[in-house]
Structures are given as C-alpha cells and as structure tokens.
Amino acid sequence: MSEQHTPREFLEPKVLAGLSGLPLFARRPMRGNVSGRHTSPMRGASVEFAEYRKYVPGDDLRRLDWRAHGRSDRYYVKEFEADTNLRLQLVLDTSGSMEYGSGELNKLQYARRIAAAIGYLAVQQGDAVGLSCVSNGITGHLPPRRNPAHLKTIFDALEETRGQGETHLVDVLHELAETTRQAAMVIVISDFFVDPNQLRSCFEHLRFRKHDLSLFHLLDPMELNFEFSRPTRFLDMEGGTAIFAEPSEIADRYHDALKDYLDQLQRIVVSSGVDYHRVSIDQPYPEVLTNFLTRRAMAKGGR
Amino acid sequence: MSFLQPWMLFALPIALLPIIIHLINQRRYQTTQWAAMMFLLAANRMNRGYARIRQWAILALRTLVLLALIIAIGRPLASGSLGGGLVGSLSGGSSANTIVLLDRSPSMNANAAGDSRTKLEAGVAQIAETLQTLGAGRVLLIDSNTVTASDSSPARELASPEELLDLPQTGPSDASADIPAMMLAALDTIQANSMGQTDVWICSDAREHDWQSRDGRWPTLREALAQFGRRVRFRLLTVAGTDQPNRSIRIDDIALRTEGDERVLTLSGKLQSDSEDGDTSNTPANTSIRMDLDGAESIVELPLDSGSGEFTDLRVPLDREQERGLGHVSLPADGNNADNTYYFVFDQPPPRKTVVVSSNEDVANVLRLAAEITPDPNIDASAEVLLPAEVPSIAWDETALLLWQAPLPVGASNAELRKRLESFLDRGGRVIFFPPDNPKPKAELFGVSYSPWTDLKDDVSIATWRGEADLLGKTLAGASLPVGKLKVHRLAALSGETTPLAKLSNDEPVLVRVPTPRGGVYFCGTTPAAKDSTLSSDGVVLYVMIQRALVDGAASLANTGRLDAGTVDAELAANWKRLQGPDKSLSTEHAFTAGVYADGDRYNAINRSAGEDATDTLKESQIDDLFQGLVLERVNQTAGESNSLVDEVWRAFLILMLIAMIGEAILCLPRQSAQAASPSVGGATA
C-alpha cells in the first residue's frame, strides 16, 4: 500500500470523510456471508434477542435457556438476531449519451463520483462491492468482493470507463437480475434514455429477485430546460440520426415530451418500489449522496 | 389610396426585413452534440400546428409593424378620388402647377347640402384646403368672369391657396360661365408658361348652360389637351346641393302705359319653381313678391293659381307724372338666393319710326300700313315712304326700322350710305331688305345678293320656318304664326352666308338673317306685292314681322337697357354708377353683377341670362364624353360631409402598428406550461 497513487479525479477525500459518518443501509434483509451492519433473514449471535423456540434434538445444548427450563420445566432455545454484510452491485451506464454535460462535469464524470463514493463507503463498512459498466452490453464486470484491495480495482475500472455506444440498459438489467445472487443491493446510475415501459419490467424483475434497487437518474440542466436561442443541428451522441430544429418552435413540444417521460417514470418507480433519485448534475454530488444515505437510514428495513 | 410623400413607398421592401432576418437566422444554425434525442424525436412527432402558426403570426406581425410605420410616414390620404390611386401617387402626387377654373355662375350660389355656405363658397374652401394639404406649388385662378372680360391672359397667380378664400374674384356673380372658354384659357396658360405637370381643378355644378356641351370648341380642346397626355390632369369638383325648394323670378316684358289719367306699369314674367309637382302641394302657393320701385317697397300679389307659372300684364299704378324709373322684384330666401331678384328699368316708350324706301307704290303702301299701325294704342308709330333718291334725307337718329325695297346700295357712289347704314345697325336699328324690281346678282350687300326673279309655276308655300325665336317666333301665348298659309308666286333667290328663318317647300330660303354683331339685318326673297306673294293678303305674318323688328329697333332708341350679365363690356360698365344692386361688388365687376346702373342719362338693368333659369345639368357620361382621352377625376363632395377633400389617415396606421407590436409581444411571451414542464429534481421512494 506504500506505492504512490496519482490522485483520482473522482475521489475527493474531504467528501469521503464527510460521508463516512453516514452508514449505508439496505432497505431489506440481506444474505451476507460474514457478520456486518445489515440485518439478515437468519438467526445469529448478535446481542439483540429475537425469540424463544422449543428445543429440538440436535440443537446446541449451550443455547438452552436454563432459567426458562427452571420456571416452566420445558426446554427452550433462546435465539438472537443475525447481522450480516451485503453485496452491492453498482451498475454504471457508459453509453454515449452519458458523455453529455453542459456545465463543469458531464454525466459520466458525475456518475463516477457517486459510484466511487458509495463503493468506498460500502467497503469501509465491510460490504462487498461489484461494478458493471453498461452500454451496448456489459462492457465491464467486477463481481462483488469485500476485500479493500478490490476497491482499487473498482476505482481503476471507473477511471477507464468511456461513454460510447447505444444504451442497452434494459437487457443488461434483466441479465444482472438473474446472475446476481439473491438479495443484493443494486444501484443503477444512468440517464435512463429508454422507454419507461421497458424499464418497468426490469425493475419488477429485480424486485422479484429480492434485490434492493436504487436509481440515480442523471440529467443535465440543459436537457431539463432546453434553452437554445439559435437554430441548431442536434447530433445524436449515440450515433442516431441528426435533427435540425428551431428551438423557439420546438421547445414547447420538447418540454411536453420530457414531462410525459418523467411523469411516466415517476409512476413506474413508485409502483415498483424503487429508490429513485432524480439528479440534475449541476447539484453538488455530496449533497445528493447525503440525501440518499439519510433517507436510507430512515427507511432501514426490518426483518 | 394616395400619399403625400409617395417616395416613402420605395421603402416598402424594408417591411420584408423580419422575413430576411428569419431566413438568415435559419442559415446560421449551430451544431451541437445532444444526448436527449428521444425527446426531440418525440417533439418532432407531435402536432406542430400551433407552434408553426405562432411563428408565422409573429413574422407577419413584425412585417406589419414595419409596413404600417412606412405607410404612416408616407402620409396616406383616405380619399381615393385624388391622385389616380397608387399609380398616380408614384407618378407625382402633387403637381407643381395648379390651375383653378371657377364657375361663378348664379347656379353656383345655391346652398350646399348640409352647410350654411353656398356651393361656390364650399367648393372654393375645399379646393383651398386641399391645395394647402397637398402642398401645391404654383396656383393660378381662372374665374368665369375674368375669362369673359379680358382677352389677354385671364389667369391670376396666387401667392398661396389660402388667397382663394379672400379674393373678390372667387365671390358670387350673376353672369353665366363659359366653361369651354375657361378651358381654352387654361390651355393657353399652360402653353404660354410651358408648364410641366399641371392639375386643373374645375369647380362647377355642370349646368348645361355653362358647359355648352354641344359647342364646337370642345373637340378642338380635347385634341389640344390630349397632346399633353398625363401631364395635365383635370379634377372636377362637384358640390352637392340641398333639397331646399328654389324659386326664381324673371321679368320678360315691362311697359309704361297711360290709361285715362293714370299711369300704369305692366309687368310680364315668370315665377319658376324647381320643386316637383308633388312638393308644390305641400308648400303653400305663395305668389306674393316684394317689389322695390324707386326705393319704395311694396308687396305685390302675382295673378297665379299655383306657386309658379307665367304672369302677364301685372299692373302697378304709378304717379301721374312719373315717366321713368327703376326697381326690382324679389322673392324670399330659398335654395338659391342668386335668382330671387330681378332688376328692371322703365321709361316712356320711344317713338317707333319706320322709313320705307321703295319706288313701288303698292309695296310701299303695304309696308307703311304694317309699320304704322301699332297693336297698342298708347304707342305712337309713324312711317315715312321715301324714294331711293331721297335716302340721304333719312333722320337716322330717330328711325327704328328701315324697310328697303330698292336696288341694294352697292358701289362707290353709295359708300356714304353704307357707312350710315352700318352705324345705324351698330346702334341697334333694324333693316329688312326686299328684292328690287330688277335684282342684279353681282350687287352684294352684307354678303347677300339677289338672283333675278323666277316665277314659281305652282304657288309654293312656306314649308319650314324658325318658330322658336326671331321674327317668325311663336306668340307669347305660345301660338304659331300662320306662316304655312303664305303662298309665294315669284322669288328672287338669296345667296350668301345667312341664317334661314323660313324656307319654301323647294328648300329655297325666303327669309334670312345675316349674322352681324347686333344681328339686325334681314333679307326677304319676295315682296308683299300681289303678283309676288300673299304677304299682304294674308297680312298677319308680315304685320307681326314688321312690328317685331320695329320693337327691337325702337329699343335701341330707348333710354333704358335690359342687359344680361356678362354681355356688356366690363371696362365700359366700370364707369357706370350703381343705382341698385349688391353694395359689395367691385366696379370692375359691374358687368357681371345684377343691378341697375346709370350710364349718363340711360338706365341699364343687368340681370342673369335666361339660360340660368334652366336647371339641366350634364350627366356623368356626358362629362366623360367631353373629357374623352384626357385624365379626369371626378370629386363629388357634400359640403357638410367633410371639411377637406383629403383626409390624412396616418394615425390609423400608427394605431395599427401599436396593435401589431402588442400582438407580437403577446405571442413572444414564454408559455407558462414551459416552466411547468421543467421538472423538479429529487428523490422518490416507494
């Protein structure tokens, strides 16, 4: 660990230090393989009493509650809650459209910062972190590991991502829902420029596989406001056809289309129980993350 | 629509600026990389109707703003009747030269509709205002009186159009206008001054009597003016009259008589009403008129059944001693006050002395009898028969009529006689020539000569004669003279430039009039002798002929004169003293102003001409015919309708511009839904 690293532009120690006080909680029980900070559906050896259960042969005699036996002349086993770690799968959209940014950062740079910070926090609290980069298909995949050294691999992968190609997010999410072992935490960071109805099926698929799905929907302020003054030829960053438009003429209809899409997406995330965060990339990302973590802590899932 | 600043219309293409800017903007597009293509594609698929209409509406409104501004600066005129529309405006809205032809005839003094002014005043005011608005350069006035009065340039140059309102030359007059003469004067002025673009304003009410549409000068005028092409433009301003009824009075005949011990003035004349028959039943048949006789006013009832008609021998008693006098009759104010007054003068009738020059006793007797016996016993008439040799003894100054049945006084030996004869005619005397016994075809007097006698085998009667006026005219009662009953046995045919008054059935003239300045020379083709014609046996025609000629000739001896306004020499009349009439008129306008004037001992009554009482006006098609091939704009104006012929309407265009600007601003406002569509960011969790 003594070798000298060039500072990664998406890692800001000050931000990470500020966030370190906030734990990353899952909203539902996780099946980890080691002890951790997250509730597990299993009984375990934590200090938190869960329930009494009748002794059945084969149970460890050390767990018999003799005091209960003394009072009732029956054999009871005292059980405690189990705390476990989780598998966090970060899904990063690296399609061409993520390279768009009208301000200081483009969407991909913003996405890297969010992914790196969450990954760092997760590893810090002993969770396993994996990364999938998605454009035409899965362009890069790192399975979740809780080894701190794995974090470096993830950071390397993040650093190497480039936005290009079309988004095939829907197919990839279906694939990930199947391949990721049950009850993982899946965080998708994308601009979601796909048909909301197709997204609905992915979300439901992930939910069915008991994954805890969170979305960071990144949008550039220019995409939200569409403030062009001159006639413009719009070149598709994902290689589609170019469109020539008079902004003053088309702006109204653009806004209508955008509003329709966002409304539809909103309905879908609400109905499919997804933790959805719409982010305008001119917002400071620490604020977005603080908000994300705080809300998760408040909505920490039961057993 | 026409413009006061038509050159501003060349700036009209500037109105296209918004469209050009739009097109340039379209070409100056930027290229940008874009991620959210799905929304653009969706927007393209949506109905773009409203947005496109809005874009076009904004462009149209911007264009309209500029258009309205340019037009407003061009100072548009509401009246389309001026300047020949847009084309006329572009070829020069206001001409450098303006000639105003002003018809000052009495009919122009009729009240204008909806106004307290007369047609003349309203027309002059409108022309003055219009010329002022249009910024006319050089303004020349030709009025109907000046044209009649002066032979040299009748055009008066005005310092400014406002001067029209103050000039006495634009005031009312009682003389008829001679529009062809005024047009000729305008033509002369244009040619003499080598004028360029010229507007000729004609202010008239298009009375046939003034315009004389059948006059031979019109074709010549048209031909001469057509050479100028569009350089000379005519604008005929017709001011509409009121519906007020109008009556006019006229005295045709006035006579002083002695009946026993009394002296009586008898008046015959006409009270004319221009209202329809249906209207006269509504208005009371008021036939009383005001009469001023030597300053004493009285009301006289006219012997008429209805409100209008002719009256004869209206008796007005006078003092026994009164031998001459003057006065006028007048009607109360009505639609036209210019024809409400008629001036008259009267005097003892002059002696009616006839001289018959004949060597034929029969003829001389017949003529003497016809001349000697007057229809009115109060009037003295005498006739003297002289042989041709006794001619030098004629008392020319006392003679009214000369009946000549002798060889025509031709040749050097008769030069003195011819001179006397001419001065007699110039004074107003009348001469009737009858063929001598042996006419010489070469003997020509006043351009007329007699051919030798020819016997007409059958007795030829007179087939056609002029019954409307002159010696063979109808009687006052309207009955024709029995000219057709006359038979002619022998005829000495007449040759020369003459006006035939009666023709035989073989088309030979038997009585002619020679056109001389005072028109008092007649030639008869036969004599009253029994072998020549039945003039003496059917004596009525001869008698009437001679008496009429005698009356006309005697009038020249009278001490009173009845003149039509405008027919007198203006310079001569300027020296007359006005006894009655409007006080305001200038002495130079005496000849054109009705009234009674004293010319030494002689009284002259000047009145409007008989033609002025005729109300015939030219139809529009007739005026078009008169101006065929020329540029004529007709401006029909009701005086009360508007103060000016031209209304500037630039304010309306400025308002239009403001409305367009507001409309454009409203359309350019960002839509509220656009803000609502801007989505909020944040999280959502199920």
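Analyst: UniProt, in an unreviewed entry, lists residues 6-24 and 56-74 of chain B under "transmembrane region", and such annotations may be inferred rather than shown by experiment. The model itself is predicted, so local features need pLDDT of at least 70 and side-chain atom pairs count only at pLDDT 80 or more, while totals for chains, interfaces and linings use all residues. Residues are numbered from 1 along each chain as its sequence is written, chains are lettered from A and ligands numbered from 1 in the order in which they are written, and side-chain values use heavy atoms, with hydrogens and water left out.

In residues 6-24 of chain B, the end C-alpha atoms lie 30 Å apart and the span is 42% helix and 0% strand, whereas residues 56-74 of chain B are 95% helix and 0% strand, with end C-alpha atoms 27 Å apart. Helices (H or I, at least four residues) and strands (E, at least two) are DSSP runs, numbered from the N terminus.

Chain B also has an open sheet of three strands, in the order 9-10-13 and with antiparallel pairing, where two strands pair if DSSP finds at least two bridges between them. Strand 9 (247-259) and strand 13 (309-318) of chain B are at the edges, each with a single partner strand, so one side of each has no neighbour in the sheet. Strand 10 (residues 262-273) of chain B pairs with strand 13 of chain B over eight bridges, and B:K270 stands opposite B:E310 in strand 13 of chain B.

Turning to open space, the second largest pocket (an open set of points on a 1 Å grid, with protein on both sides within 12 Å along at least five of seven lines; lining residues have an atom within 4 Å of a point) holds about 960 Å³, a volume being the space filled by probe spheres set on the points. Its lining has 29 residues, and B:N109, B:G171, B:P172, B:S173 and B:P582 lie nearest the centre. Two or more lining residues come from each of helix 5 (119-134), helix 7 (163-166) and strand 15 (341-346) of chain B, and helix 5 of chain B gives the largest share, four residues.

The largest cavity holds about 100 Å³, and of its 16 lining residues B:I462, B:L486, B:V510, B:C524 and B:L535 are closest to the centre.

Definitions and conventions: 1 Å grid on protein atoms, 1.4 Å probe; cavity = no way out; pocket = protein on both sides within 12 Å on 5 of 7 lines; lining within 4 Å.
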